[in-house]
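Have the coordinates open as you read.

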Amino acid sequence: MRSTNPFRGRFGRLLASLATWTLCLAIFVPALAAAQEDELKVGSKRFTESYILAEVIAQTAQAAGAKTRVLQGLGNTAIVYEALRSGQIDLYGEYSGTIALEIVKGDATMNLADMNKALAPLGLAAAVPLGFNDGYALAMRRAQAEELGIKTLSDLARHPTLKLGLSNEFIGRADGWKGLAARYKLGGQPIGLDHGLAYDAIAQKQIDVMDIYTTDAKIDHLGLLVLQDDQKYFPRYDAVLLYRQDVPQKHPAAWAALQKLEGRINEASMIAMNAQAELNSQPFNTIAQQFLVQNTAQALAGGQQATLQKAAAGNQSFGRQLWQRLTGDDLGRLTWQHLVLVLVSVGVAVLIAVPMGVLLFPHPKLRALALGSAGVLQTIPSLALLAVLIAVLGVIGRWPALLALMVYAVLPILSNTVAGLAEVPPGLRNAALALGMTPRQRMGSVELPLALPTVMAGIRTASAIAIGTATIAAFIGAGGLGERIVTGLALNDSALMLAGALPAAGLALCSELLFEGIDRYLRRSKRV
């Protein structure tokens, strides 16, 4: 009898097709990245102002003829800075106080020249002061502050029972909560909140004090009082461009255009643009475009009050907002990115887990060890796993996201492969043995085909997990439908969050229907 590969037949063809598609996608993604190397890559943090500044920077460079790519909402300072250092982005809008205290670990007295001396060994530089200061501060509801007689941070120290809701980044920063609490002897233990959600929390009286950026649009809109920093704890946070030193040489035309942004955005202009995003729900690219077509920044600032009044009086219905966001221009791009993340990660997991299950099935101890190890990895929270992978790989974005999704997909496929093989009736194994089949022939011609429905059920589960978990990938700049959810969190925009969640749910439903059809076909074939 001729030798038989254990993966021949229908199951082998399925694996071969899957391997082909996965290989094509795996080749396509790096090829696309290589084709984008001549682009000026602009990053942003995960709050409104940073999103807008990224668009202003990108559109200014585009007007000079440069190809640009905007990577929005990459995360907090540490993540965006690491993306800059590793070359995944070329520049982004940063603040002088953050550079001095968080990035170069200096002090608040550093000027731009001092910062550049410290940045030079890192291959980075800061330049082009944009013209406004966006400092940290603490704020309260004005009525409550007046009732308690609180005007300054020193006054706040006399009320330790007030509930503090602070952004996670502010809690962890060197120039954030710990230093502020020590300076003013502030009591209480703050809870960590997303910056956008904190505004809802303080408006609904779930918290009493929050950290704010001084150019936030919702300060006046919600009637908040900014507490005076009477001991001058916070440094200035003048907006500048933080960039890789090779940017002026690689993109001379774009850099010449970007230098013309110096001093062009004042605080009133920035507040007005933030208001257009947070109160009028205008897209970031539209806001940037409107700003850049003004003859001067002051022209936009003059329209700030009209913008706020329009936002308060002319809001669209929630259903209309949801439909506009759901059918936005980015739907196709984000859906494709999401599908690539799912298909590549699950495809690689299948190519690893199915052969592993076949090889480990005859060895109970090794099988238990492998399943236990995969189970342990499955219990690691997704954001924690992404953080570990970023630290190990030294990069953010697509690769750690794909690796994390693959890790989560392995367990259901591996366990179902083993379970499917265990369900093969002993009588059929004995019959195959009586026919003189070798172990490899029995596996390829009898056991794997019979186990295929159970294996497909594992792939089905892995796909559902990957579709849901892939939304988290947007927190590290990997794209996908999670971008809408992340941006919605930053803006506290429920319609935008749903516009990301609903298509993801639709993909999960389509996946279930596809696998249900495959399962019915396989079971009919099995009966035949």
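The questions and answers below set values against definitions.

Q: How do you know how far to trust this model?
A: This is a predicted model, in which local features need pLDDT of at least 70 and side-chain atom pairs count only at pLDDT 80 or more, while totals for chains, interfaces and linings use all residues. Residues are numbered from 1 along each chain as its sequence is written, and side-chain values use heavy atoms, with hydrogens and water left out. The pLDDT is the predictor's confidence in each residue, from 0 to 100. Its mean for the protein is 86, and 88% of the residues reach 70 or more.

Q: Which elements have the lowest and the highest mean pLDDT?
A: Helix 16 (residues 297–302) has the lowest, 45, and strand 10 (residues 239–244) the highest, 97. Over residues 295–303 the pLDDT is below 50, and this stretch has 16 contacts in the model beyond near neighbours in sequence; a contact means heavy atoms within 4.5 Å. Helices (H or I, at least four residues) and strands (E, at least two) are DSSP runs, numbered from the N terminus.

Q: What makes strand 1 and strand 2 a pair?
A: Two strands pair if DSSP finds at least two bridges between them. Four bridges join strand 1 to strand 2 (residues 68–71), and the two run parallel. Val 42 stands opposite Val 70 in strand 2. The chain passes from strand 1 through helix 2 (residues 48–63) to strand 2, a right-handed β-α-β crossover. Right-handed here means that, with the strands pointing away from the viewer, the path from the first strand over the helix to the second runs clockwise.

Q: What pairs strand 1 with strand 3?
A: Two bridges join strand 1 and strand 3 (residues 91–95) in the parallel sense. Here the bridge partner of Val 42 is Leu 91.

Q: Which way do the residues of strand 1 point?
A: Leu 40 and Val 42 point one way from strand 1 (residues 40–43), and Lys 41 and Gly 43 the other way. In a regular strand the side chains alternate between the two faces of the sheet.

Q: Why is the contact between Glu 94 and Lys 45 called a salt bridge?
A: A salt bridge needs a side-chain nitrogen of Lys or Arg within 4 Å of a carboxyl oxygen of Asp or Glu. The closest N and O atoms of Glu 94 and Lys 45 are 2.8 Å apart, so this pair qualifies.

Q: Why is Lys 45 called buried?
A: Buried means under 20% relative accessible area, exposed over 50%, and partly exposed in between (1.4 Å probe, protein chains only). Lys 45 has 4%, so Lys 45 is buried.

Q: What makes Arg 46 partly exposed?
A: Its relative accessibility is 22%, so Arg 46 counts as partly exposed. The side chain of Arg 46 meets that of Asp 194 in a salt bridge (2.9 Å, N to O). Asp 194, at 17%, counts as buried.

Q: How do you know that Ile 459 is buried?
A: Its relative accessible area is 10%, so Ile 459 is buried. Ile 459 sits in helix 24 (residues 439–469). Leaving aside neighbours within four places in sequence, Ile 459 is in contact with Val 346, Val 350, Ile 413 and Phe 515.
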